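Colleague: I am new to this model. Could you take me through it step by step?

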Amino acid sequence: MLTYTFALLTIYIMTKNILIVHSDEAISFLIEKMLDSIDTHFCSTNSYEEVVDIIQTKKFDIIITDSAVKGNFTFQYLEYLKTNANGTPIIVVSQIYQEHIVKVAKKIGVNEYIPMPFDPIDIKNRINSYL
């Protein structure tokens, strides 16, 4: 949390913590740049093992992820996130866009499933609606 004090006015700005997990580092970078602001902290990775370590030690306001990451299968990975992310909204941004996969992801509890390529304005608005 950032605190600014001006005369008798104190303003508290809550830092948003966002976890980005994507197999394509360029996509992670693009999402960071789209959401970049003074009160946002990003943590990025592309492996299941790192996700497990990170989620055990940090709390996030939102998780933006690919549907599959190195080291695990799609549904097992999404189930792990939903079970261990303590109610954190999960948004999937993926090139994998098959109706069956989207339905199962939604059943698991993924909040949004956004296919690639995506509209930068649309994705920013959808992500910001959870922050």
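Modeller: Helices (H or I, at least four residues) and strands (E, at least two) are DSSP runs, numbered from the N terminus. This is a predicted model, in which local features need pLDDT of at least 70 and side-chain atom pairs count only at pLDDT 80 or more, while totals for chains, interfaces and linings use all residues. Residues are numbered from 1 along each chain as its sequence is written, and side-chain values use heavy atoms, with hydrogens and water left out.

Colleague: Where is Asp61 found?

Modeller: Asp61 is in the loop between helix 2 and strand 5.

Colleague: Is Asp61 buried, exposed or partly exposed?

Modeller: Asp61 counts as partly exposed because its relative accessible area is 32%. Buried means under 20% relative accessible area, exposed over 50%, and partly exposed in between (1.4 Å probe, protein chains only).

Colleague: And what is Asp61 in contact with, leaving aside its neighbours within four places in sequence?

Modeller: With those neighbours left aside, Asp61 is in contact with Thr15, Lys16, Asn17, Thr88, Pro89, Tyr130 and Leu131. Contact means heavy atoms within 4.5 Å. Asp61 and Leu19 are 42 residues apart in sequence, and their C-alpha atoms are 8.2 Å apart in space.

Colleague: How many bridges join strand 3 to strand 5?

Modeller: Four bridges join strand 3 to strand 5, and Ile18 has Ile62 of strand 5 as its bridge partner. Strand 5 is in turn joined to strand 6 (residues 90-94) by three bridges, with Thr65 opposite Val92 of strand 6. Strand 6 and strand 7 pair over four bridges, and Val92 stands opposite Tyr113 of strand 7.

Colleague: Which way do the residues of strand 5 point?

Modeller: Ile62 and Ile64 point one way from strand 5, Ile63 and Thr65 point the other way, and all are buried.

Colleague: Which strand is Thr40 found in?

Modeller: Thr40 is found in strand 4. Thr40 counts as buried because its relative accessible area is 13%. Apart from neighbours within four places in sequence, Thr40 contacts Thr15, Lys16, Ile18 and Leu35.

Colleague: Which residues of helix 2 are buried?

Modeller: In helix 2 (residues 48-57), Tyr48, Val51, Val52, Ile54 and Ile55 are buried. What covers them includes strand 3 (16-21), strand 4 (40-45), strand 5 (62-65) and helix 3 (74-84).

Colleague: At what angle do helix 2 and helix 3 pack?

Modeller: They pack at about 5°, with their axes 11 Å apart. Tyr48, Val51, Val52, Ile55 and Gln56 of helix 2 make the contact with Tyr77, Tyr80, Leu81 and Asn84 of helix 3.

Colleague: What about helix 3 and helix 4: at what angle do they pack?

Modeller: Helix 3 and helix 4 (residues 99-108) pack at about 20°, with their axes 10 Å apart. That makes these two helices roughly parallel as well. Thr74, Phe75, Leu78, Glu79 and Lys82 of helix 3 contact His100, Ile101, Val104, Ala105 and Ile108 of helix 4.

Colleague: Last topic, the backbone. Which peptide bond is cis?

Modeller: The bond from Met116 to Pro117 is cis, with omega near 0°. Pro117 lies in the loop between strand 7 (112-115) and helix 5 (120-128). Asn86, in the loop between helix 3 and strand 6, has a positive phi near 50°, in a residue other than glycine. Asn86 counts as exposed because its relative accessibility is 60%.

How values were computed:
Axes fitted to C-alpha atoms, helices over the stretch in contact; angles between N-to-C directions. Parallel < 35°, antiparallel > 145°, perpendicular 65-115°, else oblique. Pairing = 2+ DSSP bridges.
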